[in-house]
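Subject: Structure for your files

Hello,

Here is the structure I said I would pass on.

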Amino acid sequence: MGFTETTPTEEFSNWTKHVTVKNTGDFACFVRVKALAGEKYQDGLQYSDSDGKWTPGEEGYYYYSEPVAPGESSSVLDIKINSKDTEDSFNVVVVQESTKVLYNEKNEPYADWTQIADTSETAGE
């Protein structure tokens, strides 16, 4: 038996969240991440990564293109926050989900996002 579990890590600097997801479970998994900032700030979020492994997809998530092996982490996904020059306090919540890696008849890995293994949320600046 075993399980699939992931842990997000966030660092915050210069109005940017630097997000990685670590696989702390027993099986390889695919991961996806999205940020929630509230109506006023949501359209000001800008996603980027230096290695091109994160891509936008369904439901506002960014999907990591490769399976994450047990004990390993995804590369960094940067989420730049536009404060809209406000002095009001606000939060940006990062949500991540994972699903166990499945294989097709050609032994190629794929994700089935109808079978989410875990969901985690973290609150931030």
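Two strands count as paired if DSSP finds at least two bridges between them. Strands are DSSP runs (E, at least two residues) numbered from the N terminus. The model is predicted, so local features need pLDDT of at least 70 and side-chain atom pairs count only at pLDDT 80 or more, while totals for chains, interfaces and linings use all residues. Residues are numbered from 1 along each chain as its sequence is written, and side-chain values use heavy atoms, with hydrogens and water left out.

I began with β3, residues 29-36. Of its 8 residues, 7 are buried, where buried means under 20% relative accessible area with a 1.4 Å probe, protein chains only. Strand β3 runs antiparallel to β8 (residues 93-100), and 8 bridges join the two. Within this pairing, Leu36 has Val93 of β8 as its bridge partner. Strand β3 is also joined to β6 (residues 62-64), again antiparallel, by 2 bridges. There, Arg32 stands opposite Tyr63 of β6.

There is also an open sheet of 4 strands, in the order β1-β2-β7-β4, with antiparallel pairing. Its edge strands, each pairing on one side only, are β1 (6-13) and β4 (46-48). From one strand to the next, the twist averages 25°, taken between N-to-C directions of axes fitted to C-alpha atoms, on a scale from 0 to 180 degrees. Gln46 has Lys80 of β7 as its bridge partner.

Regards

Methods: Buried means under 20% relative accessible area, exposed over 50%, partly exposed in between (1.4 Å probe, protein chains only).
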